[in-house]
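Please follow this account with the structure open beside it, moving from charged pairs to strands and then to the packing of nonpolar side chains.

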Amino acid sequence: MRHWIIAGVMAVMLCWGSQTVSAAPNVSEDVYQWIQSTARANYYFNKQQICFAVDKDGYIDLDTLIVPTLRTYDDVQIKDVVDKRRWKMASVDGYSDLVGEAEYLKIQRSKRIVSVEETDDLDSTWSTLTAEYPKQEIELDKLAAKNVDRVFYEAILTYAEKHQDEIIKQTK
């Protein structure tokens, strides 16, 4: 009986030890500003690329921010994304290397509306696996104060207020 218990413990340890946890990708703090982490993702925005929109005459629109964002996923979120793609019968080519997503936002500061212009699933080389163009609009004031997305977007707006001159210099 004792041998069976030892064999069982060894089998559990062997299975446990063989599980791999993928390392989080290296996110450059020179490029990205970390905002928050949840149980499944880390939220960043690109502080080198955040800029204001420019109208057709070349004038800077201080009311409209253009913001590239990044979310890195944990293993559970990666599995969830892959499972959802399979369920929708979408391609999962390259998704064994999924690490997160990039979103490209347009934020109207005075109206407090966030438009998600593009969402890209990213692999470990930061290359795009797939791109979608949802054109989704989110009214910040309709989200709960503790909503993860609202906290993220509010932090971007706060950063923009404090770094407006830098952002103007980055605007092309």
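In this predicted model, Arg71 has a relative accessibility of 11% and therefore counts as buried, the cut-off for that class being under 20% relative accessible area. Arg71 forms a salt bridge with Asp149, and the closest N and O atoms of the two are 3.1 Å apart. Because Arg71 belongs to strand E4 and Asp149 to helix H3, this pair ties together parts of the chain that are 78 residues apart in sequence. Asp149, at 27% relative accessibility, counts as partly exposed. Side chains of opposite charge can pair when their charged atoms come close.

Across the whole structure, a search finds 13 salt bridges. One of them joins Arg40 to Asp74, with the closest N and O atoms 2.6 Å apart. This pair, too, links distant parts of the chain, for Arg40 sits in the loop between E1 and E2 and Asp74 in the loop between E4 and H2, 34 residues apart. Both partners are partly exposed, Arg40 with a relative accessible area of 35% and Asp74 with one of 23%. Another salt bridge is formed by Glu139 and Lys142, whose closest N and O atoms are 3.6 Å apart; here Glu139 counts as partly exposed at 41% relative accessibility, whereas Lys142, at 66%, counts as exposed.

E1 (residues 32-37) and E2 run antiparallel and are joined by five bridges, and the two form a hairpin with three residues between them. On its other pairing, E2 is joined by five bridges to strand E4 (residues 60-73), again in an antiparallel arrangement. Asn42 takes part in both pairings, as the bridge partner of Ser37 and, towards E4, of Thr72. How enclosed is strand E2 by the rest of the structure? Five of the six residues of E2 (residues 41-46) are buried, so the strand is largely enclosed.

Tyr32, which lies in strand E1, is partly exposed, with a relative accessible area of 23%. Residues up to four places away in sequence being set aside, Tyr32 touches Val27, Tyr44, Phe45, Asn46, Lys47 and Leu70.

Which residues have the most contacts inside the largest nonpolar core? That core has 27 residues, and the ones with the most contacts inside it are Ile50, Leu65, Val67, Leu105, Ile107, Tyr153 and Ile156. Two or more residues each are given to this core by E2, E4, helix H2 (75-87), strand E5 (98-108), strand E6 (113-123) and helix H3 (148-162), and the largest share, six residues, comes from H3. Leu65 shows how such packing brings segments together: with neighbours within four places in sequence left aside, Leu65 is in contact with residues that include Ile50, Phe52, Leu105, Ile107, Leu157, Ala160 and Ile167. Apart from this core lies another, of five residues, among them Val27, Tyr44, Leu70 and Ala102. In soluble globular proteins, nonpolar side chains tend to be buried together.

Notes: Residues are numbered from 1 along each chain as its sequence is written. This is a predicted model: local features need pLDDT of at least 70, side-chain atom pairs count only at pLDDT 80 or more; totals for chains, interfaces and linings use all residues. Side-chain values use heavy atoms; hydrogens and water are left out. Buried means under 20% relative accessible area, exposed over 50%, partly exposed in between (1.4 Å probe, protein chains only). Helices (H or I, at least four residues) and strands (E, at least two) are DSSP runs, numbered from the N terminus. Two strands pair if DSSP finds at least two bridges between them. A nonpolar core is a set of buried Ala, Val, Leu, Ile, Met, Phe, Trp, Tyr and Cys residues joined through side-chain atoms within 4.5 Å. Contact means heavy atoms within 4.5 Å. A salt bridge is a side-chain nitrogen of Lys or Arg within 4 Å of a carboxyl oxygen of Asp or Glu.
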